[in-house]
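Hi there,

Here is the structure I promised to pass on to you. Have a look at it first, and then read on for what turned up when I went through it.

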Amino acid sequence: MKRALLILALMLASAGYAMATFSIVAIDPVTGDLGVAVASRYFAVGTVVPWADANVGAVATQANVNVGYGPRALELLRQGLTAQQVMDRLFAEDTFPGKDGRQIAIVDAKGNIAVFSGEGAQDWKGHRKGATWSAQGNILVGPQVVEAMGKAFESTNDELAEKLYAALKAGDEAGGDSRGRQSASILVVRKTGGRNTNNDRYVYINVDDHPEPMHELRRLLNIQMTGNHQTLMNRALTENRFADALNSAEHLARYSPLNPQSHMVLGFAAYLAGRKDHALAEFKRAHELTLPNQFKQIWDNMSNRPAFKKVLDDKAFVGQVTGS
């Protein structure tokens, strides 16, 4: 009798760690960025579900998960197979038990999308698909989770990483995993878009175990995107692409709204992009955020940078900013 109870307890404990997940795979048809975002009541979901290669595709493999689907799918996509052809091949090659309980979504570099939610996956399971995305999940509170994800993705006017976060947050707010929260991840790939040399991971952040994973994911995404846009802005300034520099500077100010230097940088970028009124407003905001006499020090340091020195030639404008 004791042995039977022990076996039952172990079975129930194992069931408590079933792979419940909601995720979204997507492509930005303008930039070619590909990505996956996922959240789950499961430890370190980012080590299992999301897979992506720049100019190749993105994959989410979950539910009764066969982790091998991720690297194998990318290998097949590199060979030129479409998302649906890859999915068909994966299932044909799968000899592991539980195949009817798998859930997988694939988007290829041409924007083709394939998604499957197996009947053997635990309820609520299912998916919704749009023109550039697929949202899917299992052991969810209901279909409203993936529906909210799709609506948030399509209504967010920003780059792919932010659209993926918005979708994940909406899914969480709609109820998400019926068992609760634990981990989350965002992976976005862009050719040579990552940090350092020969790195295509533009964004790769993971919250492995946290009581509020979406809050922590937002904090990490702010750090990651600040670094990304600092690099993008500097590159754009060097190449005299001032509209692009302004776009990245606006992101920097958004990620650090109380940092006077972020608004100072945005002021210079706006001026170089021909937006003097915008520039004046940002310099004013930087002044509001600084201590007495600190503004002039920051202004002197930044205005002497090679990228920003051109502003000093406009004496009338400088007078408006500094009051001199």
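A word on terms before the strands come up: two strands pair if DSSP finds at least two bridges between them, and strands (E, at least two residues) and helices (H or I, at least four residues) are DSSP runs, numbered from the N terminus. Please keep in mind that this is a predicted model, in which local features need pLDDT of at least 70 and side-chain atom pairs count only at pLDDT 80 or more, while totals for chains, interfaces and linings use all residues. Residues are numbered from 1 along each chain as its sequence is written, and side-chain values use heavy atoms, with hydrogens and water left out.

**The chain as a whole**

The chain holds 11 helices and 10 strands, and its C-alpha trace spans about 85 × 45 × 30 Å along the principal axes. Of its 324 residues, 50% are buried, where buried means under 20% relative accessible area, exposed over 50% and partly exposed in between (1.4 Å probe, protein chains only). Among contacts (heavy atoms within 4.5 Å) with a separation of 6 or more, 53% are between residues 24 or more positions apart. The accessible surface, from the Shrake-Rupley method with a 1.4 Å probe, comes to about 15,600 Å², and carbon and sulfur atoms account for 52% of it.

On one pairing, S9 runs antiparallel to S2 (residues 34–40) over 7 bridges, with Ser40 opposite Ser183. S9 is also antiparallel to S10 (residues 201–207), joined to it by 6 bridges; here Asn206 in S10 is the bridge partner of Ser185.

**Helix H2**

Which residues of H2 (residues 69–78) are buried? They are Tyr69, Gly70, Ala73, Leu74, Leu76 and Leu77. Seen down the helix axis, these buried residues fall within an arc of 160 degrees, so they line one face of H2; the arc is that of the directions from the axis to the C-beta atoms. An α-helix has 3.6 residues a turn, so residues three or four places apart point the same way. The cover over the buried residues of H2 includes S3, S4 (57–63), helix H3 (83–93) and S5 (102–108). After H2 comes Gly80, with a positive phi near 105 degrees.

**Backbone spots to look at**

The peptide bond from Asp123 to Trp124 is cis, with omega near -10 degrees, and Trp124 is in the loop between S6 (113–117) and S7 (126–129). Ala44, in the loop between S2 and S3 (50–53), is not a glycine but has a positive phi, near 55 degrees. Ala44 is buried, with a relative accessible area of 5%. Ile139 also has a positive phi, of about 55 degrees, without being a glycine. Its place is in the loop between S8 (133–138) and helix H4 (144–155), and Ile139 is buried too, at a relative accessible area of 8%.
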